[in-house]
Amino acid sequence: MRALYLLLALVLVLVGHTFRLLRWEQFIRIYERPMRGRMLRGMAGGYALNFVLPFHLGDVFRAVFTGRRMKSGIGFSLATVIMDRFLDVWFVALGFIGFWAAGFGGEVVHRAARYYLVFSLVLAVGLVLVVLLRDWLKKICLAFCGIFNDTLKLDGMMFFWSLINTFKDLGRVKIGRLVVNTLVMWAAYLGSYGALAAALTAAGQPMQLVDVFDLLFGRNAADLAALLPGGMLGGAAPMVRGLLVLWSVLPLVIMWAATLLPETVRGAVNHATQAAPVGENYLNLLPQADEHDRAAFLSKYFGLENKDYVKRFLQMNRDITILQDYSAGSNATTMLCMDKETTFYRKYAFGKDGDKLAEQLDWLRAQQSRLPLCDILRSGEDNGYCWYDMTYSPQAVGMFRYLHSNPVANSQRILREVLDTLEEKLYKPTACPADAEKIERYIETKVDGNLKKLHDDRILRELMGYDTLRINGTTYRNLNQLGWMFDHERLRKLFAGDPVGTIHGDLTIENIICRTDTDGWYLIDPNTGNLHESPFLDYGKLLQSLHGSYEFMMKTPRVTVQDDRIDFQLTRSAAYDALLTAMLDDLKARYPREQVESILMHEVVHWLRLMPYKLAKDRKRAPMFYAGLVMVANDVADFVQGEGKLC
């Protein structure tokens, strides 16, 4: 009889462990496909350590062992184990309260019931306080993690982030299945405890279900110490202690051995116990793949920086993986992403920048039949943000990279095609008379307004006070010596002769995408709302790249400023010089000198428009871009005065 009771207890405890595995994987399945074999081994090893070590340290092993192979990492695995044990506390509390209410177990069970009731209430109050004080606690988490080095800081933030989201995303778990798994698990466990009590009684140690329950979960819960002298069963017969060891250890051996079964058998078992469809989708715990991007985002989250941005970012991106951030000189973010089907670029922005991006999206759709443009895969607009996805091809690269990895003649041909196509397909068909009022507003906002912002900025105020600047060892006239260039009347007359029509608005080198597998090209990232919509603004943008070396400056990390000296490593390539020469030759062939002068002046205006953004977003390097403005303004002044040729 004793053997039959033990066998029944073993079978039932294995059933309980099986449904615990199914319940545990429900928390994991929100974010990734569970690895049942690894989880089963982790559970077996964890239970074994819990039997020989105090304080449930085996649960830490379970989390670490399983989490090392998880996509979301050890911190996430530990969070799911905590959730698993958190639910157990409530059931054990109900168990002791039920035994006490039914009059079983006497004072021992009464004390355990009081203990678990208080423990449960403390947990409940703790949950309420966590919700009420969540912002304060996030800052504490950030401060605590900040004690450690960057690697441990990220690990710590990932754990707290995982714990928060495991509880927050509990609503994504199928609650009905969670309830069934929990009830079946505990029904099997209670049946096993009853059968074990019968086996121990048959071996000479009279015990009931409530005694085994107290032995396992009471205030002095059983581990190996309970079987040693002085323990709860230290004086029991060897047969009794042997039965308890067999009941504790043998299921764990079976669980571990189950993971060594042939693949076909394990696959059939997995299929039979499948908890969700094969084609299920998973959230990303964090969409960023790069550790630095993750650290920056989590620091922003726990530091309570721009909470609205964090919320919307996660709403939009948790079903994708972000491979790399390609954002450049705008308030919109561009990322290389992937989902379970394809790789693509996603561009998004919030608030007013989101409204601006929506205008860009409208422009792309409106001009799709006229120009070679990026393909829009998907898009969306909601309360306060806009996003769209573009196709990705490894054979499609920005012209900056293409220019420096292919014969220059190829880039010259593509640039000529771009200018010809824009002229014939966009500028001419949409041409309209210049608007004097818009020119006036353009000068007031883009020239006068930005000059005032430069004068008012404390970083540039001292630099702008010098008559000359020494930039990388060469002396240049400062803007206060070139005031005639920005004279309102001069600009009004100069811009009045500009052609007007629909334009791209941000025709930088990087926004021309070249195909390496064909002779093709296409355009991305237009910019609307330029007031004075002249093709000359597009040409000025190209000159900002080729003449002003904007892309090279973006790759320059440091600048030093001392009195009237600005020094930084200014890089420029022969390929840029060749393409600049070709472009200027093309412009001089298309337009008279006065209009070429207007194009050059629009380049200066683009540098002026750039400066407030750099002062707001990149203050440490802002003096370098001011130096770029000064150098370009000097070249244009020399050209206007007949003293220079730009190249």
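Arg62 is buried, at a relative accessible area of 3% (buried is under 20% relative accessible area, exposed over 50%, partly exposed in between, with a 1.4 Å probe and protein chains only). Arg62 and Asp59 sit 3 residues apart in helix 3 (residues 58-67), about one helical turn. Helices (H or I, at least four residues) and strands (E, at least two) are DSSP runs numbered from the N terminus.

Both residues belong to a network of salt bridges that also includes Arg20, Arg23, Asp84, Arg85 and Asp88.

## Basis of the values

This is a predicted model, in which local features need pLDDT of at least 70 and side-chain atom pairs count only at pLDDT 80 or more, while totals for chains, interfaces and linings use all residues. Residues are numbered from 1 along each chain as its sequence is written, and side-chain values use heavy atoms, leaving out hydrogens and water.

## Salt bridges between separate elements

The count of salt bridges is 32. One of them joins Arg346 and Asp389 at 2.7 Å, N to O. Arg346 is in strand 3 (residues 343-350) and Asp389 in strand 5 (residues 385-391), so this pair ties together parts 43 residues apart in sequence. Arg346 is buried at 5% relative accessibility, and Asp389 is buried at 0%.

Glu440 and Arg492 form a salt bridge at 2.9 Å, N to O. Glu440 lies in helix 17 (residues 436-456) and Arg492 in helix 19 (residues 488-496), so the pair ties together parts 52 residues apart in sequence. Glu440 is partly exposed at 22%, as is Arg492 at 28%.

## Negative patch

Asp353, Asp355, Glu359, Asp362 and Glu381 form a negative surface patch. Patch residues have over 30% relative accessible area and no salt bridge, with like charges joined within 9 Å. Helix 14 (residues 351-366) supplies the largest share, 4 residues. Asp362 lies in helix 14 and is partly exposed, with a relative accessible area of 44%.

## Met338

Met338 is in strand 2 (residues 333-338) and is partly exposed at 35% relative accessibility. Beyond its neighbours within four places in sequence, Met338 contacts Ile320, Thr321, Leu323, Thr343 and Phe344 (contact means heavy atoms within 4.5 Å). Met338 and Gly548 are 210 residues apart in sequence and 35 Å apart, C-alpha to C-alpha.

Definitions and conventions. Patches are made of residues with over 30% relative accessible area and no salt bridge: like charges are joined within 9 Å, nonpolar side chains (Val, Leu, Ile, Met, Phe, Trp, Tyr) within 5 Å. Accessible areas come from the Shrake-Rupley method with a 1.4 Å probe; for residues, only the protein chains shown count as cover. A salt bridge is a side-chain nitrogen of Lys or Arg within 4 Å of a carboxyl oxygen of Asp or Glu. Lys and Arg count as positive and Asp and Glu as negative; His and the chain ends are not counted. The place of a charge is taken as NZ of Lys, CZ of Arg, CG of Asp or CD of Glu.
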